[in-house]
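Dear colleague,

Please find the structure below, followed by an account of what was found in it.

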Amino acid sequence: MLIDLLFHPDYTKKEKLLFVLFFLGMADRFQLAETMNCSVHNIDRMIKAWNHKLPPANRYILARRPARNRPRMYYLGPRGWAQVMEWLEENKQYYGKKKKTAGHYRGINEIFLRLVRRIGHDQLKERLSWYSSQEAREIMIYPWSLARAEEWKDPKVREAEQQLITRPDARAEIDGRPFWIEYDNSTKRESPIKEQFRRYIESLSYLPAYTNVRNPVIWVVPDERRQKTMKEWWSTVKHEPNYEGLDWIPEMHFFVAGEETDFLLESVQQAVSSVG
């Protein structure tokens, strides 16, 4: 929904800034400027306008500096969150952002922005859809809500089973072709990563193909060493005895940051060529 709101005629640039922060979660001023196709000066001006004469604890937009040598990361304060909820006619609970999550948000944003640069703002609305982690998970949960409709009438069963469904970092649809997006910054140990692989298998493999969630998973990592390690962990998990009888296992692709963009765009082009 982020791309649609970027081009929405009913909201000003200043109002769109709140939407961008809502869907990106956290972003630095340079990422915000590139997303909104404006100058960093304009971003600074809009942030100042939103927070004008408001006490720090009650501002629309808050900020954290993850490290001295890194740009300040901006995110919605409770007031900004409430404003976006009013516009979206939703009532989601507000959660602040921790300093330690800033690097993860920055990495996800850069995956998005690399696509923006290659596609270009003039073609963005027609070619790219980008979904936040929450939106991606809602897409993944939906077919399960149909398949388990009777069982999920029990709130305890619904909550317990939804906890087992994986939470992607994002979802990209390029020229209509979807991908699940994961950013790994080498902070997770082997056991949690393997469990995340299992959750992808169990969230997707038991659903029929027509649900359109059996999409490739794109993992973006900081360096070749982590890439090699992740591939080895995935090779182990996908051959575990529990999954021997499955007729389909998710595609997992692993890239050093920056190398995924060519793959994403070339995969779409190849899909279009094969249909043609």
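Arg198 is partly exposed at 21% relative accessibility (buried means under 20% relative accessible area, exposed over 50%, partly exposed in between; 1.4 Å probe, protein chains only). Its side chain meets that of Glu195 in a salt bridge of 3.4 Å, N to O (a side-chain nitrogen of Lys or Arg within 4 Å of a carboxyl oxygen of Asp or Glu). Glu195 is likewise partly exposed, at 36%.

The model is predicted: local features need pLDDT of at least 70, side-chain atom pairs count only at pLDDT 80 or more, and totals for chains, interfaces and linings use all residues. Residues are numbered from 1 along each chain as its sequence is written, and side-chain values use heavy atoms, with hydrogens and water left out.

Helix 10 holds a further pair, Lys194 and Glu190, 4 residues apart, whose side chains form a salt bridge at 2.6 Å, N to O. Lys194 is buried, with a relative accessible area of 15%, whereas Glu190 is partly exposed at 36%.

In helix 11 (residues 224–238), Lys228 and Glu232 are 4 residues apart, about one turn of the helix. Their closest N and O atoms are 2.7 Å apart in a salt bridge. Lys228 is exposed at 53% relative accessible area, and Glu232 is partly exposed at 41%. Salt bridges that share partners also join Glu195, Arg198, Arg199 and Glu240 into one network. The structure holds 19 salt bridges.

Yours sincerely

Technical notes. Helices (H or I, at least four residues) and strands (E, at least two) are DSSP runs, numbered from the N terminus.
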